[in-house]
Amino acid sequence: MSLISCSGLSLSYDGRRVLSELTFTVERGDYLCIVGENGSGKSTLIKALLGLKTPAAGTIRFGEGLKSSEIGYLPQKTEAQSDFPASVFEVVLSGRLNARRFSPFYSKEDKAEAAEQLARLGIASLRSRSFSELSGGQQQRVLLARALCATKKLILLDEPVAGLDPEVSREFYSIIRSVNAEGITVIMVSHDLVPALHAATAVLRLDGGHCRRYRPEEFLASLAERKEEA
Amino acid sequence: MNALLTSLGEMFSLSFMRCALLAGVLISVCASLLGVTLVLKRYSMIGDGLSHVAFGSLAVATALHTAPLRFSIPIVILAAFLLLRLNEKGKIKGDAITAMISTGALAIGVMAVSLSTGMNIDIYNYMFGSILALTGSDLLLSVALAAVVIPAYLLLGSRIFSVTFDPAFAHATGIRTGLYDTVIAVMTALTIVLGMRLMGTLLISSLIVFPPLTAMRVLRSFRGTVIASALLPVVSFPAGLILSYYRATPPGASVVCVNLLLFLLFCLIGLLVRRRRG
């Protein structure tokens with residue numbers, strides 16, 4: 001069975017239907033890029049996959065024992081975090097909250113896992129720094145470490161490189177690629193297509209409320225065609 | 001030195017002073033714990049809005065000769081709920097709706113008072129706070145409030161962090177963010193209703209905003225900020241109360257002045273610490 005299967009999925013935003021009749025699957029190990037114009041429903045689709053939005057019609061089914069609370073999520077940047085007193089380690093540890101049912105405190109394993117994810121992303125030295133004092137690229141790595149603490153199977157990234165400079169974005173994409181190579185399925189919403197598609201195994205394009213799935217090279221070709229037409 | 005100690009001993013031999021001290025410290029520790037979340041979520045003005053609703057409802061209760069707390073607690077809880085919910089979904093934006101509810105409630109309270117008894121000592125006390133306004137049952141309620149809020153904050157601390165730092169992520173990992181917002185709103189409402197008779201309507205929200213903001217000048221972790229916020233009122237409230245006793249100033253204003261001094265002191269420390277780090 002597929003990791004995620006959506007069939008006949010329709011979603012509304014503010015009472016307006018933004019996506020209708022989406023049918024697609026995500027397989028284990030996929031690196032799926034979701035692309036589309038502003039307002040095409042990318043973020044709405046992400047919210048639905050996370051279980052934060054109830055479909056207006058259709059179903060989302062998870063296979064391989066995946067639960068929606070076990071998805072590692074890297075949300076779009078928010079303003080609120082700018083002067084928040086939080087250490088890097090506190091932020092990463094909070095990714096373990098979904099694994100703890102009712103216990104009020106973090107266990108040794110939780111802390112070990114958080115430390116391991118920091119090391120994996122090469123930011124172990126930032127552990128006790130203040131999150132708000134880090135650069136944009138470092139902050140995104142910390143949030144990715146937090147997402148990886150929350151999952152062993154699937155991460156969802158919503159515009160992870162928005163506002164980062166090209167060099168830092170490229171580094172970030174290469175981290176995501178290595179995460180994917182280690183067996184974690186990746187679903188990513190992205191604006192800048194070419195670098196994002198570099199490592200993708202599939203592209204889901206949202207347009208006019210519908211979706212179409214491409215192989216990356218196919219998508220790039222269709223992109224070139226559309227440019228020529230225009 | 002000895003003379004000072006004897007005089008302090010005299011002060012706290014008065015039972016209403018001990019009562020005010022204990023209730024005040026407990027309420028202000030609760031207020032600053034809740035304040036950490038409210039300040040970081042940009043909800044600081046909600047405390048101020050709720051205190052005006054508390055004033056309005058207490059004034060109406062006085063005019064109607066009903067039990068003040070039993071009347072105003074449900075109203076303030078309802079207002080807290082409305083303010084939080086409307087902030088998220090409403091057509092009128094957060095700060096505007098808070099200002100509207102707060103001035104509206106103040107006006108209703110003043111009208112109720114003028115139409116019934118006229119401005120009296122109770123109303124003055126509600127505005128500026130009074131140590132004498134505190135009763136034995138208030139003390140009991142304060143102990144009960146602290147017995148709920150402080151353990152709840154400790155046990156739910158990591159989840160409160162997640163909900164405050166990044167609600168979208170918290171929600172996605174299966175934390176019911178709406179539930180936490182509601183619990184915090186209800187606890188804030190209770191803290192304000194109990195605290196405003198001591199601190200006064202005009203000053204109660206200082207108990208919510210000062211300690212977290214003071215702690216944040218120096219501390220850079222959430223845990224550190226929470227611990228420091230909880231400890232600051234243990235110093236500032238007694239200091240304010242002593243000041244109020246010796247200079248015969250209103251307790252609320254005295255406590256706020258001490259809080260202001262602590263804030264400035266922490267600003268200075270923060271500046272020095274950052275300069276040393278480079």
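In which hand of crossing, left-handed or right-handed, does helix 7 of chain B pass helix 9 of chain B?

1. The crossing of helix 7 of chain B with helix 9 of chain B is left-handed, and this, like everything that follows, is read from a predicted model.

2. Helix 7 of chain B covers residues 136-165 and helix 9 of chain B covers residues 177-199, and the two pack with their axes 11 Å apart at an angle of about 150 degrees. Because angles over 145 degrees count as roughly antiparallel, helix 7 of chain B is described as roughly antiparallel to helix 9 of chain B.

3. On the side of helix 7 of chain B, the residues that meet helix 9 of chain B include Leu141(B), Leu145(B), Val148(B), Ala152(B) and Arg159(B), while among their counterparts in helix 9 of chain B are Tyr180(B), Ile184(B), Met187(B) and Leu194(B). The residues of this contact divide into 13 nonpolar, 3 polar and 4 charged.

4. Turning to the contact between the chains, chain B contributes 25 residues and chain A contributes 34 residues. Together chain B and chain A bury about 2,500 Å², of which 63% lies on carbon and sulfur atoms. Of the area that chain B buries against chain A, 28% is supplied by Arg159(B), Phe165(B) and Phe169(B), more than by any other three residues; Arg159(B) is also one of the residues of helix 7 of chain B that meet helix 9 of chain B.

5. Between chain B and chain A there are 3 salt bridges, and a salt bridge joins the side chains of Arg42(B) and Asp83(A), with an N to O distance of 3.2 Å.

Definitions and conventions:
Residues are numbered from 1 along each chain as its sequence is written. Chains are lettered from A and ligands numbered from 1 in the order in which they are written. This is a predicted model: local features need pLDDT of at least 70, side-chain atom pairs count only at pLDDT 80 or more; totals for chains, interfaces and linings use all residues. Side-chain values use heavy atoms; hydrogens and water are left out. Axes are lines fitted to C-alpha atoms, for helices over the stretch in contact, and angles run from 0 to 180 degrees between N-to-C directions. Helices (H or I, at least four residues) and strands (E, at least two) are DSSP runs, numbered from the N terminus. Angles under 35 degrees count as roughly parallel, over 145 as roughly antiparallel, 65 to 115 as roughly perpendicular and the rest as oblique. A crossing is left-handed if the near helix is turned anticlockwise from the far one by less than a right angle, and right-handed if clockwise. Contact means heavy atoms within 4.5 Å. Ala, Val, Leu, Ile, Met, Phe, Trp, Tyr, Cys and Pro count as nonpolar, Asp, Glu, Lys and Arg as charged, and the others, Gly among them, as polar. Buried area is the accessible area (1.4 Å probe) that two parts lose on being put together, summed over both. A salt bridge is a side-chain nitrogen of Lys or Arg within 4 Å of a carboxyl oxygen of Asp or Glu.
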